[in-house]
Amino acid sequence: SWRRAPEGGRGRGSWCGWCLEMRIGENVDEALADEEWRCPVCRDICNCSGANCLRAKRNLFPTQQLTHEALTYGWPSVAHYLITTAIV
């Protein structure tokens with residue numbers, strides 16, 4: 001199911017299952033099945049490590065590559081790690 005990708009908002013491309021699960025903590029099958037699903041960028045919860053990430057508009061630091069760190073500390077996703085440790 002990770003081969004299918006839900007579309008992001010206008011100009012946002014699509015989200016692969018791995019990124020959706022590891023970065024945002026959401027399941028790709030659930031996203032694809034939910035007609036009301038909106039991409040993380042559209043919901044202003046993106047935590048990507050891209051240079052054009054919208055975190056800067058919220059005066060938050062870029063997350064860079066936090067997946068390995070989050071998993072090392074036992075968090076199921078970067079989103080869980082950021083929210084629980086108040087790094088949001």
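1. Read along its sequence, the protein chain has the pattern α-α-α-α. Its secondary structure amounts to four helices and zero strands; helices (H or I, at least four residues) and strands (E, at least two) are DSSP runs, numbered from the N terminus. The model is predicted: local features need pLDDT of at least 70, side-chain atom pairs count only at pLDDT 80 or more, and totals for chains, interfaces and linings use all residues. Residues are numbered from 1 along each chain as its sequence is written, and side-chain values use heavy atoms, with hydrogens and water left out.

2. Of the 88 residues in the protein chain, 34% are buried. Here buried means under 20% relative accessible area, exposed means over 50%, and partly exposed lies in between (1.4 Å probe, protein chains only). The accessible surface of the protein chain is about 5,700 Å², and carbon and sulfur atoms hold 52% of that surface. Areas come from the Shrake-Rupley method with a 1.4 Å probe; for residues, only the protein chains shown count as cover.

3. Within α1, Gly 17, Leu 20, Met 22, Arg 23 and Ile 24 are buried.

4. One salt bridge is found in a search of the whole structure, the criterion being a side-chain nitrogen of Lys or Arg within 4 Å of a carboxyl oxygen of Asp or Glu. Glu 26 and Arg 43 form a salt bridge, with their closest N and O atoms 2.9 Å apart. Because Glu 26 lies in the loop between α1 (17-24) and α2 and Arg 43 in the loop between α2 and α3, the pair ties together parts that are 17 residues apart in sequence. Glu 26 is buried, at a relative accessible area of 18%, whereas Arg 43 is partly exposed, at 30%.

5. The loop between α2 and α3 also holds Leu 66. With a relative accessible area of 11%, Leu 66 is buried. Leaving aside residues up to four places away in sequence, Leu 66 touches Arg 23, Val 78, Tyr 81 and Leu 82. From C-alpha to C-alpha, Leu 66 and Ser 77 are 9.1 Å apart in space and 11 residues apart in sequence.

6. Thr 63 is placed in the loop between α2 and α3 and counts as buried at 3% relative accessibility. The C-alpha atoms of Thr 63 and Leu 82 are separated by 9.0 Å, the two residues being 19 residues apart along the chain.

7. A surface patch of negative charge gathers Glu 30, Asp 34, Glu 35 and Glu 36. Patches are made of residues with over 30% relative accessible area and no salt bridge, with like charges joined within 9 Å and nonpolar side chains (Val, Leu, Ile, Met, Phe, Trp, Tyr) within 5 Å. Glu 35 lies in the loop between α2 (28-33) and α3 (67-72), and at 80% relative accessibility Glu 35 counts as exposed.

Key. Lys, Arg positive; Asp, Glu negative; His and termini not counted. Charge placed at Lys NZ, Arg CZ, Asp CG, Glu CD. Contact = heavy atoms within 4.5 Å.
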